[in-house]
Amino acid sequence: MRIAGEATLQAPLEAVWDALLDPAVLVRTIPGCERLETVGENSYTMTVTVGVAAIRGTYAGACTITDLHPRESLKLKAEGAGAPGTIAADVDVRFSANDDGTTTLHYDAETVVGGMIGGVGQRMLSSVSRRLAGEFFLAIEKVLMGGPVPAAEAPAAEPPAAGVFTAPAKAAPVSSQREFLTGVAVGAGLVALGVALGAVAGRRR
Amino acid sequence: MTTKLMGEKVRRVEDARLLRGEGRYVDDLAPGALEVAVLRSPHAHARIKGIDVDPVLDVEGVVAVYTYDDLSGPMAEPLPLLIPHPALTHGRTQYALAKDEVNYAGEAVAMVVAESRYVAEDAVALIRVDYEVLPPVVGIDAARRGERLVHEDVPGNVAARLEQGSGDAEAAIAAAPHRLSLDLTVERSASTPMEGRGTVARWDPDTKRLLVWSSTQTSTGVRAAVATKLGLGLGQVDVITPDVGGGFGVKIMHPWPEELLVPMAAMALGRPVKFTEDRREHFISSAHERGQVQHVDVGFDEDGRLLGLSVEFWHDNGAYTPYGLIVPIITSTQLLGPYKPRAYKVVFESLYTNTVIVTPYRGAGRPQGVYAMERTMDAIAAYLGKDRTEVRSVNFIQPDEFPYDHGMTFQDGRPLIYDSGDYPASLEKLKALVGWDEFESFRQEARGEGRRVGIGLACYVEGTGVGPYEGAHINVETTGKVKVAIGLTTQGQGHQTAFAQIVADELGVPFEDVEVTSGDTRRMPYAVGTFASRAAVMSGSAVALAARQTRTKALRIAAEALEAAEDDLEIVDGQIRVKGAPGTGIALGTVAVLSNPLRYAFDEASKLATQFVVGDPTKPPVAEDDEPGLEGKDFYSPERSTFANGMHAVIVETDPETAEIKILKYAVVHDCGNLINPMIVEGQIHGGVAQGVGGALYERMAYDANGQLLNASFMDFLMPYATEVPESIDIDHLETPSPLNPLGLKGAGEAGVIPSAAVFASAIEDAEGIPVRAMPISPSELFELRRTHQHEADQHEEQS
């Protein structure tokens with residue numbers, strides 16, 4: 001199924017870009033994201049726990065970025081699997097600066113949902129996706145405005161290794177263009193992923 | 001005199017128990033057994049690159065976990081292809097647990113055995129499978145295009161191609177004064193019984209015997225499959241089918257992976273093991289049916305007489321073909337219905353798709369065939385401007401033409417020869433029952449009120465009671481109680497009642513004294529199964545034959561005891577007496593005592609049978625050609641199927657605004673030969689019509705392009721409620737006995753559902769004046785159909 005949407009953030013492109021490309025920020029702002037890790041060139045793994053109502057599930061995911069056009073657009077392929085099912089998403093992300101100094105981010109995901117969520121959750125996906133995407137962008141905005149970001153429940157037991165981002169994390173300095181892109185890709189992927197998984201959780205009793 | 005029970009509306013003896021919740025289904029058995037949960041593929045098509053079960057083993061309460069690598073011997077081979085056919089050139093079956101590749105979302109990949117289902121499910125969630133997702137083939141169009149393949153080694157996704165016919169249909173069509181072509185589609189649906197699949201197994205390591213309870217339509221089939229796959233002798237395995245909460249065809253498919261894996265685990269672990277399918281599993285891992293795309297070419301004369309009929313159809317068999325070509329063969333042969341086209345040709349392709357397997361569901365290919373033929377009949381009537389009943393009439397096989405040989409081969413490999421029927425009489429009854437001739441005035445009246453109504457009819461012939469055989473064993477106990485065992489299973493058909501009626505009549509015993517056991521291989525190891533509307537015909541005939549045998553033996557023993565000629569005796573209410581001389585005879589139970597000479601006495605009755613009391617001291621206590629006990633055992637094996645028939649008519653009202661479809665009247669004329677119990681037959685028809693309403697107006701399997709079933713729950717899969725089923729169904733019976741079996745029976749189990757898609761299409765088309773070529777039809781589809789039709793009409797107007 002296709003999940004498309006856009007979000008306008010109350011900040012200029014540069015600021016959105018900086019915040020959005022910071023994996024350490026993303027790990028705190030993406031609903032349910034606990035950990036993401038660089039595992040190779042343009043290739044990342046992540047852990048998301050999403051729960052709606054009575055059901056929480058932890059999902060292991062991976063994503064790969066292609067077609068990089070810095071500050072304009074990119075494509076990513078994300079996959080995740082957990083007990084309630086699997087999801088694969090191909091996401092196009094575009095950025096545009098608006099005249100009033102705000103920034104609009106467009107995302108367009110083609111997703112394949114399998115397992116239990118495929119059978120019982122699909123028709124709920126688009127509405128739940130909008131809600132989860134909304135939560136995500138609201139959290140990003142809070143970061144941009146310097147407000148508090150809701151922290152994850154517990155810090156990682158061991159100090160994270162290089163390239164591993166866990167929540168909550170201190171805003172790590174943005175070290176390279178690559179890491180910026182990592183953040184964007186994983187963030188967008190997780191939105192699609194978290195969205196779908198959230199939908200599942202919402203429907204399962 | 002004992003009242004004859006054959007043909008009487010005897011109340012079902014099983015209902016009190018079932019309605020009080022005293023039924024015992026597989027899941028009620030073996031409390032405390034280990035329970036399994038199955039990991040199923042989330043992908044419609046994928047290669048399995050690795051399975052990591054390590055995290056599972058640490059879970060407390062997990063006893064075992066199995067993947068393909070844990071299977072050995074015959075268990076590691078593909079599951080059986082149950083019904084091979086020469087045309088099935090590319091038959092494929094799955095493994096009990098997937099090996100290397102999965103071909104539908106829901107295919108079993110791994111199984112966890114644990115102390116409880118909760119633990120098992122939690123453990124299944126920890127299994128990590130590394131899949132390489134492959135592009136799936138979903139839907140008949142994609143399968144036909146063959147750009148992607150379900151099985152790499154099956155070109156064009158074609159499992160089978162079969163052509164049959166008689167005469168040169170194409171030449172006949174070319175030469176016919178009128179010709180029409182129709183393109184038709186029918187959606188998928190499924191049996192959806194209340195109780196899903198379920199299996200319990202108990203291995204006795206001391207006696208090396210396996211006892212299996214399964215919710216199946218064939219205990220003997222499951223028994224043979226289990227023994228073969230687990231390398232056991234048939235004598236080591238018994239299969240019992242307890243109460244079954246509905247089958248409707250899906251449970252004749254066997255062995256299911258779990259039916260083998262559960263006994264395998266029970267043997268390995270030395271503890272009883274249970275599998276209970278949940279509803280979602282039933283949607284994605286049991287079988288579906290119905291999906292076909294059809295093309296009809298027909299040539300006919302001015303009266304609508306079929307001069308040539310050529311049908312080509314494409315049958316979606318899902319990912320594998322364990323049940324062979326039964327469904328499309330039935331479509332291709334039963335399509336003919338009560339008609340006799342001068343020349344007929346049918347060709348089908350059975351195609352693989354990455355979806356759940358397709359095996360018979362109540363009707364088993366007939367609903368699709370009847371739909372194709374009846375749509376054609378309506379199209380001819382519309383083309384010629386004739387009444388739809390007239391076009392059918394001119395094509396009917398006439399009563400004096402039986403036995404009627406179509407020159408084709410039926411699903412049982414036997415010639416397609418109809419044994420009896422009276423189709424013109426059936427049609428007359430139907431017209432009277434539904435008020436066919438009065439309908440036009442009703443339509444005018446309704447039109448005056450701004451209402452839109454339509455009437456439709458559909459005729460079918462159903463080959464029932466296919467062989468090869470069924471048997472019955474009857475034992476009269478010394479108490480006079482009669483114990484009957486039949487081999488096939490029962491899942492709500494009222495077998496205990498109907499077969500007790502037959503025994504009561506044939507043996508002359510009180511109905512209450514007869515007890516019928518079914519589906520227990522310990523009691524009747526030779527049987528085929530309950531499908532194809534065959535139980536009444538097959539087991540009913542066998543029961544009658546076995547009862548006659550028992551009666552013969554009883555009369556022989558009684559004649560000796562009473563010093564009378566056998567011919568002078570009769571059995572009334574369990575007493576054998578000289579005809580017309582009440583009070584002179586002996587009880588059947590006493591005859592049972594006499595039939596079994598004993599050394600040991602246990603009670604007053606058996607004292608009468610000890611060796612100092614009975615028998616001629618100069619002869620062996622049991623004669624050379626005799627056996628102890630008052631028993632009868634016989635098998636019925638028919639030359640070929642017997643053909644029941646019927647006709648349905650429905651009056652519908654379609655809402656001019658919302659396109660809601662409402663049933664105003666539903667009428668059924670039904671001919672299943674002699675009736676054993678009209679109440680049970682009517683119950684079968686009611687149930688069938690209800691299921692047919694679902695298939696015609698509500699149910700479909702909503703697969704997305706990725707092969708994910710989107711409506712795998714009763715929240716999303718629409719089944720008719722009592723509110724959607726017609727409040728009353730008018731039924732009239734015609735009884736043309738079958739000459740093929742001792743009681744003149746024909747099957748009745750599937751009849752109610754067979755013409756549903758056809759009859760609703762006919763009525764909706766009549767109400768709307770728009771050709772209906774795809775079923776089922778929902779209000780939104782009808783709404784869309786109206787818009788398309790209006791659009792086309794507007795365009796046509798613009799052009800002219």
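## A walk through chains A and B

Let's start with helix α7 (residues 257-269) of chain B, which has 13 residues and reaches 18 Å from its first C-alpha to its last, close to the 18 Å expected at 1.5 Å a residue. That expected span is 1.5 Å times one less than the number of residues in the helix. Helices (H or I, at least four residues) and strands (E, at least two) are DSSP runs, numbered from the N terminus. This is a predicted model, where local features need pLDDT of at least 70 and side-chain atom pairs count only at pLDDT 80 or more, while totals for chains, interfaces and linings use all residues. Residues are numbered from 1 along each chain as its sequence is written, and chains are lettered from A and ligands numbered from 1 in the order in which they are written.

Back to α7(B): eleven of its 13 residues are buried. Buried means 20 or more other C-beta atoms within 10 Å of a residue's own, exposed means 12 or fewer, and partly exposed is in between, with C-beta atoms placed from the backbone. Among the buried ones are Glu258(B), Glu259(B), Leu260(B) and Met267(B). After the helix comes Gly270(B), with a positive phi near 65°.

Next up is strand β12 (residues 273-276) of chain B, covered on both faces: Val273(B) and Phe275(B) are buried on one side, Lys274(B) and Thr276(B) on the other.

| Strands | Sense | Bridges |
|---|---|---|
| β1(B) (34-40) and β12(B) | parallel | two |
| β9(B) (198-204) and β12(B) | antiparallel | four |
| β19(B) (470-476) and β25(B) | antiparallel | seven |

Val273(B) has Leu34(B) opposite it, and Ala201(B) also stands opposite Val273(B).

Further along chain B there's an open four-stranded sheet with mixed pairing, in the order β21-β20-β19-β25. Since β21 (514-518) and β25 (630-636) of chain B sit at the edges with a single partner strand each, one side of each is left without a neighbour in the sheet. Neighbouring strands here are turned by 15° against each other on average, direction ignored. For such angles, axes are lines fitted to C-alpha atoms (for helices, over the stretch in contact), and values run from 0 to 180 degrees between N-to-C directions.

Helix α14 (residues 495-507) of chain B packs on this sheet, touching β19, β20 (482-486) and β21 of chain B, and its direction makes about 130° with that of β21(B). Contact means C-beta atoms, placed from the backbone, within 7 Å. Helix α15 (residues 535-562) of chain B lies across β19, β20 and β25 of chain B, at about 145° to β25(B). As for individual pairs, Val476(B) has Leu630(B) in β25(B) as its bridge partner.

Now the cores, meaning sets of buried Ala, Val, Leu, Ile, Met, Phe, Trp, Tyr and Cys residues joined through C-beta atoms within 7 Å. The largest has 237 residues, and those touching the most other members are Val36(B), Val112(B), Val484(B), Val503(B) and Val543(B). α15(B) gives the most to this core, with 14 residues. Beyond its neighbours within four places in sequence, Val543(B) is in contact with residues including Ala472(B), Val484(B), Phe499(B) and Val503(B). Apart from that core lies another of 41 residues, among them Ile3(A), Val91(A), Val93(A) and Ile117(A).

Finally, the contact between the chains takes 13 residues from chain A and 14 residues from chain B. On chain A's side, β6 (85-97), β7 (103-114) and α3 (116-120) of chain A are the elements giving two or more residues, and α3(A) gives the most, with four residues.

Key
Pairing = 2+ DSSP bridges. Contact = placed C-beta atoms within 7 Å.
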